[in-house]
Amino acid sequence: MNTLKEINTVLQSVLDMTEIARDEYLIVSSAAEYIAGLGTRFGDIDIVVTKKTFTRLQKNMFHWTTKDFAGQKIRVIRIGMVDIIELEDEKWLKAPRNQHAIYPILSDVYLIKWRIHIGREKDQLRAWQMIHKLTPKSLQQIDLEPRVIPGAVNQILFDLSNKLMELA
């Protein structure tokens with residue numbers, strides 16, 4: 001899956017089936033980055049919803065599982081290639097949006113902050129890749145401190161340095 005047409009088809013079907021309104025969800029991660037022009041491919045579509053929306057879906061008999069996400073156990077409903085993720089910190093739904101996108105996604109800076117927030121090594125690397133695509137002015141808005149587990153900072157920085165050198 002790597003086209004806007006595929007996002008339109010797959011996502012719209014899931015939104016119709018679940019009756020999730022536009023103001024109830026936000027596309028995050030690789031599909032959002034693709035829509036914003038910061039990514040070239042994506043595998044699935046991750047959307048985040050409030051606890052209230054997730055509970056409504058659960059009451060409508062949608063099956064959920066638990067996954068590790070940003071160091072926390074979260075509930076996820078998977079429908080085809082769409083993961084509906086229960087959002088613990090609802091501040092993300094109020095974060096600045098990309099006003100030019102046809103779907104609700106975060107602004108470029110907040111797409112990077114989202115990756116940093118998730119905290120996995122691959123997300124930290126993806127954040128650095130996106131940073132290199134932005135202008136110096138937009139970079140001033142980013143807090144570049146990664147979210148990491150205490151004691152792991154040196155290892156993560158070492159691993160990131162190695163991966164960035166491999167990409168160069």
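## A buried strand, a core and a pocket

Strand β5 (residues 82-86) is mostly covered, with 5 of its 5 residues buried. Buried means under 20% relative accessible area, judged with a 1.4 Å probe on protein chains only. Strands (E, at least two residues) and helices (H or I, at least four) are DSSP runs, numbered from the N terminus.

This is a predicted model, where local features need pLDDT of at least 70, side-chain atom pairs count only at pLDDT 80 or more, and totals for chains, interfaces and linings use all residues. Residues are numbered from 1 along each chain as its sequence is written, and side-chain values use heavy atoms, with hydrogens and water left out.

**The strand and its partners**

Both faces of β5 are covered. Val-82, Ile-84 and Glu-86 are buried on one side, and Asp-83 and Ile-85 on the other. Two strands pair if DSSP finds at least two bridges between them. The table shows the pairings of β5.

| Partner of β5 | Direction | Bridges | Residues facing each other |
|---|---|---|---|
| β2 (residues 45-49) | parallel | 5 | Ile-47 and Ile-84 |
| β4 (residues 72-79) | antiparallel | 4 | Arg-78 and Asp-83 |

β4 and β5 form a hairpin with 2 residues between them. In that turn, Gly-80 has a positive phi of about 60°.

**The core**

A nonpolar core is a set of buried Ala, Val, Leu, Ile, Met, Phe, Trp, Tyr and Cys residues joined through side-chain atoms within 4.5 Å. The largest one has 46 residues. Leu-11, Tyr-25, Ile-27, Ile-45, Ile-47, Ile-84 and Trp-114 touch the most other members. Helix α4 (residues 108-118) gives the most to this core, 5 residues.

Contact means heavy atoms within 4.5 Å. Leaving aside neighbours within four places in sequence, Trp-114 is in contact with Val-28, Ser-29, Val-48, Phe-69, Leu-87, Trp-92 and Leu-106.

**The pocket**

A pocket is an open set of points on a 1 Å grid where a 1.4 Å probe fits, with protein on both sides within 12 Å along at least five of seven lines; lining residues have an atom within 4 Å of a point. The largest pocket holds about 610 Å³ of space. Its lining has 25 residues, and Ser-30, Arg-115, Lys-122, Asp-123 and Arg-126 lie nearest its centre. The largest share of the lining, 5 residues, comes from α5.

**The whole chain**

The protein has 7 helices and 5 strands. Buried residues make up 44% of its 168 residues.

Conventions: Buried < 20%, exposed > 50% of the residue type's maximum accessible area, 1.4 Å probe, protein only. Points joined across faces, edges and corners; volume = space filled by probe spheres on them.
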